[in-house]
Structure formats: C-alpha cells, structure tokens
Amino acid sequence: MEEKLVEAVRGGLERDGVLGKLRSEIRCEVLRLLGIHDLKKVSKPIITPEVDLINSLIGEYLQWIGYSYTSAIFSSESDFIYSRDENIHSRIMSELGLKDSSDDSLPLLCQLINKVKQNCNY
C-alpha cells in the first residue's frame, strides 16, 4: 500500500513538472558547489549593456517556450533572473527598434527575428 502511495505522489510531481524542476535545481546547486564553472577555465564576460540585452532576450525566450529547467541553469550561470517587467520589456523593445504589434504574445527574440526576416525579404 505504501509503495502505491509513493508512486502516486511521484507520478503527480512528475506530471506537474515539480520533480524535474527540483532535480534541475539540485543539479545546478551541486555544480555550483563543486565549482564546475571554474573547471572550464573560461572567464565570464563583463556584463555590458549588450550582454545584458542578450541575456534578457534569451531569458524571456526560455520562459516563453517553457524550458524551465534550462532557464534555471541559464539563470544560475549568467546571474540573470528573468521577470516579465513591462518597463524592462518596453526598454528592450525601444533599444531594438521594435513596435507594439500583433506579435506581442511572442518573446522579443522571435519578434526581432521576424523583423530581420522582413527586412531581408525572406
């Protein structure tokens, strides 16, 4: 009887994505504690406005597409925390020369790609 309860709880946690998220967070924390990022011998770039903009675009895309585990790893490696703040969203749109459109449900990275495609006549 106890095994069935454990399996039911595990199944519910997996179905809701909670178990996968916890595994991802634990993996991130273990890698951080082990200093795995130092083993690569690659220094992180200085966070310039361009790097911050790119991180914002990637972070928004990962959240939009539902890659929550990848987003958790990305956030821990880049020290970037994504939040759908309208002021940040508007600032980025302004920096990229994007206007409010019917594609507003799309992340800015997709909107930017669409704009480049239009300008290149794809």
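1. Helix α4 (residues 49-65) has 17 residues, which at 1.5 Å a residue should span 24 Å; the C-alpha atoms at its ends are 24 Å apart, so the two values agree. The expected span is 1.5 Å times one less than the number of residues in the helix. Helices here are DSSP runs of H or I with at least four residues, strands are runs of E with at least two, and both are numbered from the N terminus. Gly-66 follows α4 and has a positive phi, near 90°.

2. On the basis of the note: this is a predicted model, in which local features need pLDDT of at least 70 and side-chain atom pairs count only at pLDDT 80 or more, while totals for chains, interfaces and linings use all residues. Residues are numbered from 1 along each chain as its sequence is written, and side-chain values use heavy atoms, with hydrogens and water left out.

3. The secondary structure of the chain consists of seven helices and zero strands, in the order α-α-α-α-α-α-α along the sequence. Of the 122 residues, 22% count as buried (buried is under 20% relative accessible area, exposed over 50%, partly exposed in between, with a 1.4 Å probe and protein chains only). The accessible surface is about 9300 Å², and carbon and sulfur atoms hold 58% of it (Shrake-Rupley method, 1.4 Å probe; for residues, only the protein chains shown count as cover). Among contacts in the chain with a separation of 6 or more, 49% are between residues 24 or more positions apart (contact means heavy atoms within 4.5 Å).

4. The largest nonpolar core has seven residues: Leu-53, Leu-57, Ile-92, Met-93, Leu-96, Leu-98 and Leu-108. Such a core is a set of buried Ala, Val, Leu, Ile, Met, Phe, Trp, Tyr and Cys residues joined through side-chain atoms within 4.5 Å. Helices α4 and α6 (86-96) each supply at least two of the core residues, and α6 gives the most, with three. In soluble globular proteins, nonpolar side chains tend to be buried together.

5. The buried residues of α4 include Leu-53 and Leu-57, along with Asn-55, Ser-56, Gly-59, Glu-60 and Leu-62. With residues up to four places away in sequence not counted, Leu-57 touches Ile-92, Leu-96, Leu-108, Leu-109 and Leu-112.

6. The structure holds one aromatic pair. Its rings, those of Tyr-61 and Trp-64, have centres 6.2 Å apart and planes at 40°, so the pair is tilted. The rule takes rings of Phe, Tyr and Trp (its six-membered ring) with centres within 6.5 Å; planes under 30 degrees apart are stacked, over 60 edge-to-face, and the rest tilted. Tyr-61 and Trp-64 lie three residues apart in helix α4 and are therefore separated by about one helical turn. Both are partly exposed, Tyr-61 at 24% relative accessibility and Trp-64 at 42%.

7. A search of the whole structure finds one salt bridge (a side-chain nitrogen of Lys or Arg within 4 Å of a carboxyl oxygen of Asp or Glu). Arg-10 forms this bridge with Glu-7, and the closest N and O atoms are 2.7 Å apart. Because Arg-10 and Glu-7 are three residues apart in helix α1 (residues 2-15), about one helical turn separates them. Arg-10 is partly exposed, with a relative accessible area of 37%, and Glu-7 is partly exposed at 47%.

8. Ser-71 belongs to helix α5 (residues 68-78) and counts as buried, at 4% relative accessibility. Apart from neighbours within four places in sequence, Ser-71 is in contact with Leu-62 and Gln-63. Between Ser-71 and Ile-58, 13 residues apart in sequence, the C-alpha to C-alpha distance is 8.8 Å.

9. Glu-29 is in helix α2 (residues 18-34) and is partly exposed, with a relative accessible area of 35%. Its C-alpha atom and that of Ser-76 are separated by 8.6 Å, although Glu-29 and Ser-76 are 47 residues apart along the chain.
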